[in-house]
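Dear colleague,

I am passing on the structure below, followed by an account of what was found in it. Please read the notes alongside the coordinates.

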Amino acid sequence: MDSNIPVPTAFDTTVVFSSQVLNEEIKPQIADFNTEDAVFELGVWLRGLSAFGRICGDLFAADEPNAGKVAERGRDFRLIHSGLLRAANLNNRLRKAADSSGLVGSAGLKFTDLDALGGFFQQAIPFAKSLADNGAASFGEWAAWNSFIREAAALQPLSPRLEQFGRVAGRQSLPEKLISLFQSSGFQDRADYEDVIDRVGFSLRAIETVGAMLENDLPLKPSLLIFAVVYEETKLMIEHINNSLSRMPEEDTAMFRSLDTASYTASLELKKVFQQELRGIVRLLPPTSVYARIETAYCLLLDSFQQILVELARSVEPNASPFDFFPRFQLKLDQSLVVREHLWQLLKANQACETDPEPGKISSLREKVKEFIEKSLRLLHYKDGETFERFYEEIEAARDKKDLVSILHRFGAYLETLFGQVSMRAVLANHPFEAK
């Protein structure tokens, strides 16, 4: 250990751990490291370095005119620096996982190629840190950095191999039932589907990396590098679909309808995610707001890509549904039914208090709100939960009847909106609400 590194005061240097205890601590970490996942994620982060530079000014900038051209780039470089560190860590762990022949996993990566990539990180990380520490990093420095990244990526022998592995791994990560369907005779003459399936499979697996970051409470802004890759991949998929549709002589076919629906769905969700949820997020400071937007963007893209795959499956299996391939849809349905009913009961209790705010009804409403927070709040998006908790705090704090009625009126309007949003979830399409 470097003697210049200060030891935190709460760190007890007198405690000695036995080898058995240390092994028990280390084993789960070793078991969790999967070389195939690491190779895929390394490829995504590397692509993200270039993709982020190409789209950041247009999609992640603030709403002011020409924000991407005049804004200082210090924050952007901090995100890039974080992405470089993540990729370098994966590269180091893969180098250590090489076997006696110098190969890593089924991807067939060579130790020498990983070593060369390590040299790139040794050069790029200090460069990015120096630009990140310079709060006034200019547009010229930004352009120079992106030029450096493009040239460095072109010189890396691993880049095309990682991209090819990403496509194969993305398709292989799809549900087995869906893979079997795509390999069936019904799809043998549907070459136009192959590119779509590969790109959607890759994007789904890439976006799951963001899901893991959400689940593990990791810093989320670096995930914009992954979102940038998904954006470019989806744009290429839409372009491919539109070119395929332009060559099809008949529009009234299952293939045309499924591809047309896939193109429309992808275009719509890209606008929602990148022009609404992620717009200006680089310069958004409150962590709770960043978490809420990233979570919403993740869920929108996850639903979209899975729905696209289902649409492709329907061209040979007309009755196919998301529930046939993705278990999360059944879970989402069960949760949506619960939260919709709970919101309706809460809305009725709130309306009763508005009409007659007597102590017994107010006490009952407070209990119902508290119960919702404990049991059903986790089934909503983070941004909805945050607003809900603020209303609960206002209701708890209000003691004057006049103030409470005003709060209840606003809370009722919010509950009606939230109830309507939950009721519009796609999984509830075949489950109309019946008031009890």
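Ser203 counts as buried because its relative accessibility is 1%, where buried means under 20% relative accessible area, exposed over 50% and partly exposed in between, with a 1.4 Å probe and protein chains only. This is a predicted model, in which local features need pLDDT of at least 70 and side-chain atom pairs count only at pLDDT 80 or more, while totals for chains, interfaces and linings use all residues. Residues are numbered from 1 along each chain as its sequence is written, and side-chain values use heavy atoms, with hydrogens and water left out.

Ser203 lies in helix α9, residues 191–215, helices being DSSP runs (H or I, at least four residues) numbered from the N terminus. Apart from neighbours within four places in sequence, Ser203 is in contact (heavy atoms within 4.5 Å) with Val230, Glu233, Thr234 and Phe305.

**Packing of α7 and α9**

Helix α7 (residues 158–172) packs against α9 at an angle of about 85 degrees, and their axes are 7 Å apart; the axes are lines fitted to C-alpha atoms over the stretch in contact, and angles run from 0 to 180 degrees between N-to-C directions. The two helices α7 and α9 are therefore roughly perpendicular, a term that covers 65 to 115 degrees. On the α7 side the contact is made by Gly166, Arg167, Ala169, Gly170 and Arg171, and α9 contributes Glu194, Ile197, Asp198, Arg199, Gly201, Phe202 and Arg205. By class, this contact of α7 with α9 has 6 charged, 3 polar and 3 nonpolar residues, with Asp, Glu, Lys and Arg counted as charged, Ala, Val, Leu, Ile, Met, Phe, Trp, Tyr, Cys and Pro as nonpolar, and the others, Gly among them, as polar.

**Arg190**

In the loop between α8 (176–182) and α9 sits Arg190, which counts as buried because its relative accessibility is 15%. Not counting residues up to four places away in sequence, Arg190 touches Met255, Ser315 and Val316. Although Arg190 and Met255 are 65 residues apart along the chain, their C-alpha atoms are separated by 8.2 Å.

Notes. Angles under 35 degrees count as roughly parallel, over 145 as roughly antiparallel, 65 to 115 as roughly perpendicular and the rest as oblique.
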